[in-house]
Amino acid sequence: MGRAFEYRKAAKMKRWGHMARTFTKIGKQIAIAVKAGGPEPENNPTLRAIIANAKRENMPKDNIERAIKNAMGKDQSEYKAVTYEGYGPHGVAIFVDTLTDNTTRTVGDVRSVFNKFNGNLGTSGSLSFLFDHKSVFTFKKKDGLEMDELILDLIDYGVEDEFDEDEETNEITIYGAPTSFGEIQKHLEAEGFEVTGAEFTYIPNDLKEVSDEERETIDKMVERLEDFDDVQTVYTNMK
């Protein structure tokens with residue numbers, strides 16, 4: 001899981017490179033959460049998780065509250081999550097997570113980048129065998145916490161028996177089945193843990209070796225995809 005943690009950390013640092021775009025993306029997530037479960041974080045676990053992520057990304061409280069208020073407006077556009085997948089240059093697999101209110105626009109934007117870099121946009125699910133879909137939670141470690149006991153407890157909620165520990169921030173990161181997201185979050189909160197991050201991610205199970213020149217090309221493609229406001233996250237299996 002150390003490899004998975006380093007991959008996730010590197011991917012996260014890269015995709016959140018521009019603060020303004022980050023806040024726009026989180027705003028869309030908040031809009032979906034509010035529409036689905038209401039504007040009160042205490043009654044909406046998904047919204048609580050997104051707010052924790054927003055704080056982790058240093059999103060100001062005023063921005064968060066404004067996003068919630070905007071999501072309650074009658075004219076607020078309806079966003080939906082759509083994932084696009086395909087192969088980029090040099091046979092590297094690419095997953096593109098989006099939140100969009102216009103799928104025609106979004107698929108056109110994504111396809112244009114794949115075409116520009118001589119890639120091939122595939123059908124939904126065509127690359128699922130190359131990635132493991134996970135729910136990921138990060139929380140503050142309590143004094144005297146016995147991780148072995150906690151993991152044994154969390155296994156019943158779909159959590160894997162491996163975890164990562166960041167001694168600098170005193171945080172623990174655990175991985176679980178995406179279908180168990182709500183149960184894991186609820187249990188961590190019930191046990192009094194301060195959840196500082198909660199999200200879904202794709203972790204490649206077979207990393208592809210590339211040269212420095214090939215890496216530069218793929219990085220440019222990823223950056224071009226991330227320039228679109230509809231794009232939330234881009235994952236690759238590039239080592």
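Modeller: Contact means heavy atoms within 4.5 Å. This is a predicted model, where local features need pLDDT of at least 70, side-chain atom pairs count only at pLDDT 80 or more, and totals for chains, interfaces and linings use all residues. Residues are numbered from 1 along each chain as its sequence is written, and side-chain values use heavy atoms, with hydrogens and water left out.

Biologist: Of the contacts with a separation of 6 or more, what percentage comes from residues 24 or more positions apart?

Modeller: Take the contacts in the protein chain with a separation of 6 or more. Residues 24 or more positions apart account for 72%.

Biologist: How many helices and strands are there?

Modeller: Both are DSSP runs, numbered from the N terminus: helices are H or I with at least four residues, strands are E with at least two. The protein chain has 8 helices and 8 strands.

Biologist: What is the radius of gyration of the protein chain?

Modeller: The radius is taken over C-alpha atoms, and the globule rule is 2.2 Å times the number of residues to the power 0.38. For 239 residues, a compact globule would have a value near 18 Å. The protein chain agrees, with 18 Å.

Biologist: Is Lys28 buried or exposed?

Modeller: Buried means under 20% relative accessible area, exposed over 50%, and partly exposed in between, using a 1.4 Å probe and protein chains only. Lys28 lies in helix 2 (residues 19-37). Its relative accessible area is 7%, so Lys28 is buried.

Biologist: Which residue has its backbone oxygen 3.4 Å from a polar atom of the Lys28 side chain?

Modeller: A polar contact is a pair of N or O atoms within 3.5 Å; within protein, one must be able to donate a hydrogen and the other to accept it, and residues adjacent in sequence count only if both atoms are side-chain atoms. Leaving aside neighbours within four places in sequence, Lys28 is in contact with Tyr79, Leu99, Asp229, Asp230 and Gln232. The backbone oxygen at 3.4 Å belongs to Leu99.

Biologist: Where does Asn205 lie?

Modeller: Asn205 has a relative accessible area of 35%, so this residue is partly exposed. Asn205 sits in the loop between strand 7 (195-204) and helix 8 (212-226).
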